Amino acid sequence: MNERATLKINEKGHLEIGGMDAVEIAEKFGTPVYVFDEAHIRNMMRAYRDVIDNDYDGFGLVLYASKAFSCKAIYSIANQESIGVDVVSGGELYTAVKAGFPTEKIYMHGNNKLVSELEFALDCKVGTIVVDSYREADILDKLCKERNLKQNVLIRINPGVEAHTHAFVQTARTDSKFGFSVSDGSAEDIIKYVLSKKNLVLEGYHCHIGSQIFEKQSFVLAANKVLDFASDIKNKLGFELTKLNMGGGFGIWYNDEDPKLKPEDHADYLKTLIAAIKNKIKEHNLKKPYLLIEPGRSIVGEAGITLYSVGAVKDIAGIKKYVAVDGGMFENPRYALYQSKYTVMLANRATEECTEKVSVAGKCCESGDLIAVDVPLPKAESGDIMAVLSTGAYNYSMASNYNRNFIPPAILVENGKADYIIKPQTFEDIVRNDVTPDRLK
């Protein structure tokens, strides 16, 4: 376990999150339940924000990447911590707006934004939109003309840096669905096109090289390539960037194959990136660009823990032992999608020796409904409380009502106090949008 002050084993031998016993959480809120450590979320936001303030003269903005986990409470925390957010859909934007988040600090992404989403973004006065296609540039320019306004935009480019990460989450390759490649000239072409639009104000470039990256030099290389390109465009077209968005992607701890990082380690990655940017803009005699970064997973990933109740235990002699829980791929599809590895523990028996390896199975009617495979545990029994660590990012976000199971509620814990931030679903929620035509009655 990647221990911190707000995540530890207490004197009862139970897992404690944010000063509250996990067993007490399970008793009070039921299982499965997503538990978020508020102090850790705030510490991560501050770690990034402070680096920009101290190492880049405050000339930049941390943007929380909404896709990791979106709800009104997380936007309220981001606003209190004086950072911005990025959104990738009308739903994320609507949630941020309903939370009262200042729209001038919202950046909107997406490779195929709907016309209705662009209209909503303009009507909300979103600060910046990241353009990712010619079609989008045309639509956005037309909508702006109709509204008699000009919209700040960035262009998403691919610098040709491939991060060492799972193929399904690599996004900066030349053949990616995202962005425009520097190497084949398509990035230069879209810049010319956007500069020709009367109602779009091009500010600079956005780049995101992947996810769950620990090699700081990957980000340095990407920044160098983007700024080399920016210098080339300045010389060719006379356009000089005023904003540089280097995306997110710095990794977190999931299990002992990953480094155990502290907030200061994440801060150090950003310090390294900023040092590289300063050197490169000096080399090319570029004006200092306003710097944006987009951490999501590294802010909420380790802050989140999912609690389950153990149900059936099935031991297939000499082959495999399954420990089933009351969740599954409907609330954590990441093993089914990516074979993602997690750290699993019994929250009510956290100090006991792990004596066997098991596979944690869900309750869905799918053979592939697994949360973890071959993980060490004490001998689990029905009624134990299981904790799966580092589930704060892309778990609730990717959850579904498959098999008409409930998406679990989420709670925020701080100083021994817990509150709902997403309420439990009911059977009525499951059927709320079902309609039976008269001919079927």
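In the predicted model, Ile 385 of strand β19 is the bridge partner of Ser 309, and strand β14 (residues 304-316), in which pairing requires that DSSP find at least two bridges between two strands, runs antiparallel to β19 over 4 bridges. Strands are DSSP runs of E with at least two residues, helices are runs of H or I with at least four residues, and both are numbered from the N terminus.

Strand β4 (residues 33-37) pairs with β14 in the antiparallel sense over 4 bridges, and Val 35 stands opposite Ile 305 of β14. Strand β15 (residues 320-325) is joined to β14 by 5 bridges, again antiparallel, with Lys 320 of β15 as the bridge partner of Ile 316. The two strands β14 and β15 form a hairpin with 3 residues between them, and Gly 318 in the turn has a positive phi of about 75°.

An open sheet is formed by 3 strands in the order β1-β2-β3, with antiparallel pairing; its edge strands, each of which pairs on one side only, are β1 (7-9) and β3 (20-21). Strand β2 (residues 15-17) pairs with β3 over 2 bridges, and Met 20 of β3 is the bridge partner of Ile 17.

Turning to the helices, the axes of α6 (residues 134-147) and α7 (residues 186-195) come within 11 Å and cross at roughly 10°, the axes being lines fitted to C-alpha atoms, for helices over the stretch in contact, and angles running from 0 to 180 degrees between N-to-C directions. The crossing therefore makes α6 roughly parallel to α7, as angles under 35 degrees count as roughly parallel, over 145 as roughly antiparallel, 65 to 115 as roughly perpendicular and the rest as oblique. Tyr 134, Ala 137 and Asp 138 of α6 meet Ser 186, Asp 189, Ile 190, Tyr 193 and Val 194 of α7 in this contact, contact meaning heavy atoms within 4.5 Å. The buried residues of α7 are Ser 186, Ala 187, Glu 188, Ile 190, Ile 191 and Val 194, and their cover includes α6, β9 (151-158) and α8 (216-237).

The protein chain has a mean pLDDT of 95, with 98% of its residues at 70 or more, pLDDT being the predictor's confidence in each residue, from 0 to 100. Over residues 166-170 the pLDDT is below 50, and this stretch has 10 contacts in the model beyond near neighbours in sequence. Where pLDDT is low, predicted coordinates should not be read in detail.

Residues are numbered from 1 along each chain as its sequence is written, and side-chain values use heavy atoms, with hydrogens and water left out. For this predicted model, local features need pLDDT of at least 70 and side-chain atom pairs count only at pLDDT 80 or more, whereas totals for chains, interfaces and linings use all residues.

Methods:
Buried means under 20% relative accessible area, exposed over 50%, partly exposed in between (1.4 Å probe, protein chains only).
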